[in-house]
Amino acid sequence: MKITSHGSKSKNFHESPMPEEVKTIVRDFHLLEFVECSLTMLNAFLLSAFVERWHPEISSFHLSFGEMTITLYDIDQLFHILVAGTLFTPVYINQVTTMCMVVDGLEVSEADVLQEFGEIRGFHLQMSWLRKLYASLVEVCRFWAAARAYILHLVTCTLFADKYEIYIDIRYLCMFNT
């Protein structure tokens, strides 16, 4: 088992202070609290113990005092994550769909996206590319696109952290369109 967190990358995402316009958009999505989120304080031994006692067939833990199930209400109360709205399940995307998502959501040209896809050979974005894009979008006052870039980076580093340490999955971008 490996604990994956890219929280330190989200804290160092932007070099200058976040513009108030971007901060307002991030706050409106109820994600501003995730800026300070990191798994560095996590007890790996405790997590291992929970994983060993998890029974996926019945979605509960078998502990010495009995069976325990963690509900969405528990997540809401423990982590203060707003549990509302519809469930998001990422779907399979192809290059055309991915291209449209990036061009529309992050307001970049198709040529820039194709170049990025060509460099990494897949439908992901490099964190460094997204960081540069965010800075250029803020510079030209395109705050909605900058906020989407920032939020995409933020949720990939916290909620949807995976084994990739330099890539960001584009499938989550569709959650932040207005």
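**View 1. Helix α5 (residues 95–106) and helix α8 (residues 143–157) have axes that come within 8 Å and cross at roughly 125°.** The model is predicted, with local features needing pLDDT of at least 70 and side-chain atom pairs counting only at pLDDT 80 or more, while totals for chains, interfaces and linings use all residues. Residues are numbered from 1 along each chain as its sequence is written, and side-chain values use heavy atoms, with hydrogens and water left out. Helices are DSSP runs (H or I, at least four residues) numbered from the N terminus, and their axes are lines fitted to C-alpha atoms over the stretch in contact, with angles running from 0 to 180 degrees between N-to-C directions. Asp104, Gly105 and Leu106 of α5 meet Ala145, Arg148 and Ala149 of α8, where contact means heavy atoms within 4.5 Å.

**View 2. Glutamate 107 lies in the loop between α5 and α6 (110–120).** Although glutamate 107 is not a glycine, its phi is positive, at about 55°. Most residues other than glycine have a negative phi. With a relative accessible area of 34%, glutamate 107 is partly exposed, that is, between buried (under 20%) and exposed (over 50%), using a 1.4 Å probe and protein chains only.

**View 3. Cysteine 141 is placed in the loop between α7 (127–139) and α8.** Cysteine 141, a residue other than glycine, likewise has a positive phi, near 60°, and at 52% relative accessibility cysteine 141 counts as exposed.

Technical notes:
Helices (H or I, at least four residues) and strands (E, at least two) are DSSP runs, numbered from the N terminus.
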